[in-house]
Amino acid sequence: MTTDSASLPTVLLRPGEADRVVAGHPWIYHSSILRLTQPAADGAWVQVKDHRQRLLGVGFYNSKSKINVRVLAPERVPADPAFFRGRLEAAVAVRRRHLPEASAYRVVNAESDFLSGLVVDKYGEVLVVQTSALGMDQRKPLIVSALEDLFKPKAILERNDMATRKFEGLGEANGVLAGQLEGETVAELNGLKFHVNLAAGHKTGLYLDQQSNYRRVAEFARGGQVLDGFCFVGGFGLHAARAGAARVHFLDQSAEAVAAAQRNAAANGLAAPCSFEAANVFDWLKAQTATGPHEKVIPRFDLIVLDPPSFTRNRAAVPDALRGYKEIHLRALKLLRPGGVLATFCCSHHVDAVVFEEVILAAAFDARRLLRRVATYHQGLDHPILPVIPETEYLKGFAFELAR
Ligand code: SAH
């Protein structure tokens, strides 16, 4: 591992390729590279210069990845303990500023925190680390030691079972990196308790990106009949129950997720208004909105939340995903009472807010409903969006009130 900047291998970019990097986008693809001044090992710290030899930054090199260089700093600094410590402190300061009350949040969100290839989530006293770039993976000991220093956590885990690691030449790795983890962890989001299985749950355990949206969506729940579609372990529904919903029905196709949602409801003393069902939301909505020749669907919900997984692994999957989105919105709108609210989310990189809203409006047209937009949602501020890096923006949502 080279940290002596004088001897750093230099990656020279082709003419015209520097501006993106200067603007702050950290990815350099093979096609942007003119040549290397000396061979660089995969994972090595390199400097990047434009074709006129002006320094653009330093970062990790990996010939195996489509992203040959991930730039981490615009100035010539070494990848030493002080560097990682400084980056982590800066990331923590952002969270303290924007989520001063939170005990569970994303500490580091990769590119958004100038640490491409690193994600760190905090669930109370347990930290979960994901390294999706070779250079970052090799520096895990430095990162773990800085995290221990900053947080004094009970345990630091790695959840490195993401499929994307293979594009970096990395295998899967799960386990405890520091400290000890006994049994299930209980994390608190907005004062509600959630049991999380950090060793095997979705993502690193919970959908932390929805934390502030749970609170905001719950504002529409008071006194009403609520459906939490794609509920996972119950984030939206439990916040709705706490906000005073008369009933909340939780739906997810994973029986395990539904069971966890039920446990979480009990743990928070919210079991009374809640009911749970393991079902495919598409089939369930279809069954609920199926009518005979002279029958009409009877709307019975005051708040419907739809927070499906991303149906689009790639661009080619977008048309099918949009058909799916339209169908569930059409059926959900038929089940919504006048004045009721549909809160709906899309976490696909490939479907932006404009396209997503168009699909909802197309569904509203078919259902002959008129919508009033009453809220827009984004990923939480612990998943910062840098507009110069479009990949950092993925979660969008709307709340629409049924105007007619
Ligand atoms: N709203 C949740 C996150 C939902 S993630 C939260 O805030 O925590 C998406 C969920 O949809 C997963 O739990 C997955 O099991 C579920 N799911 C995926 N496809 C589904 C389908 N067709 N019907 C029902 N649930 C589905």
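Three bridges join strand E1 (residues 10-13) to strand E3, and the two run antiparallel; strands here are DSSP runs of E with at least two residues, helices are runs of H or I with at least four residues, and both are numbered from the N terminus. Within this pair, Val11 stands opposite Leu36 in E3. The model is a predicted one, in which local features need pLDDT of at least 70 and side-chain atom pairs count only at pLDDT 80 or more, while totals for chains, interfaces and linings use all residues. Residues are numbered from 1 along each chain as its sequence is written, and side-chain values use heavy atoms, with hydrogens and water left out.

Strands of a sheet pair through backbone hydrogen bonds, either parallel or antiparallel. E1 and E3 belong to an open sheet of six strands with mixed pairing, in the order E2-E6-E5-E4-E1-E3, where two strands count as paired if DSSP finds at least two bridges between them. Strand E2 (27-29) and strand E3 (33-36) stand at the edges with a single partner strand each, so one side of each has no neighbour in the sheet. On average, neighbouring strands of this sheet are turned by 35° against each other, direction ignored; axes are lines fitted to C-alpha atoms, for helices over the stretch in contact, and angles run from 0 to 180 degrees between N-to-C directions. Helix H2 (residues 81-98) packs on this sheet and touches strand E4 (45-49), strand E5 (55-61) and strand E6 (67-73), contact meaning heavy atoms within 4.5 Å.

Another open sheet has seven strands, again with mixed pairing, in the order E16-E15-E14-E17-E18-E20-E19. Its edges are strand E16 (274-278) and strand E19 (371-378), each with a single partner strand, so one side of each is left without a neighbour in the sheet. Four bridges join strand E14 (residues 225-229) to strand E17 (residues 301-306), which run parallel, and in this pair Val226 stands opposite Leu303 in E17.

The ligand is surrounded by 16 residues, and the closest are Tyr214, Asp252, Gln253, Val281 and Asp307; a residue is counted as near if one of its heavy atoms lies within 4 Å. A polar side-chain atom of Asp252 lies 2.7 Å from an oxygen atom of the ligand, while a backbone N or O atom of Gln253 lies 3.0 Å from a nitrogen atom of the ligand.

Notes: A polar contact is a pair of N or O atoms within 3.5 Å; within protein, one must be able to donate a hydrogen and the other to accept it, and residues adjacent in sequence count only if both atoms are side-chain atoms.
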